[in-house]
Amino acid sequence: MEERLKVGIISATHGIHGEVKVFPTTDDANRFRQLKEVILDTGRGDLILEIESVKFFKKFVILKFKGFDDINGIEKYRGKELYVPRSQAVKCKKDEYFIADLLGMKVLLEDDTELGVLRDVIETGANDVYQVQMTDGREVLIPAIRQCILKVDVEAGFMQVHLLDGLL
């Protein structure tokens, strides 16, 4: 399991006073209101940033970090990712999982034969779809619905699935 979870990506600066536009990678952008700090992956290491203010603009979160008071100091972090420790993550409900915990998971069929590895989670309006790289190199898309996803064990790193007719 990942020890930290991505909550956003700095997409651009916002104004000249050190604010940034963040594209949220979390289901609920309002969670930024409760955050006191985030971890910035600078590419050369992590930097803990204290959040001074939070605003919303269209699909973006506008963040102001303590100690960054002009565009010059923050601009170099454009495109960088923001994380929170797992301890600050929103608690998942029953049958909900963090995408970071699912990626790379072994996917088994009902009879415990290995189907492949979960490579991506595609978020659609109705339900998520799991992209599985099969052991023979082909790809299968499995809807994340109760009829298909029989068991998920994040700790053991596997998922058991039932393939509906027509998926292969």
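**Exercise 1. Find which strand supplies the largest share of the lining of the largest pocket.**

Let's go step by step. The largest share, four residues, comes from β11; strands here are DSSP runs of E with at least two residues, helices are runs of H or I with at least four, and both are numbered from the N terminus. A pocket is an open set of points on a 1 Å grid over the protein atoms alone where a 1.4 Å probe fits, with protein on both sides within 12 Å along at least five of seven lines, and lining residues have an atom within 4 Å of a point.

Before going on, note that this is a predicted model: local features need pLDDT of at least 70, side-chain atom pairs pLDDT 80 or more, while totals for chains, interfaces and linings use all residues. Residues are numbered from 1 along each chain as its sequence is written, and side-chain values use heavy atoms, without hydrogens and water.

**Exercise 2. Locate the two partners of the salt bridge between R146 and D95, and say whether each is buried, partly exposed or exposed.**

First, check the contact: the closest N and O atoms of R146 and D95 are 3.1 Å apart, and a salt bridge needs a side-chain nitrogen of Lys or Arg within 4 Å of a carboxyl oxygen of Asp or Glu. Next, R146 sits in the loop between β10 and β11 and D95 in the loop between β6 and α2, so the pair ties together parts 51 residues apart in sequence. Finally, R146 is exposed at 69% relative accessible area, whereas D95 is partly exposed at 42% (buried is under 20%, exposed over 50%, partly exposed in between, with a 1.4 Å probe and protein chains only).
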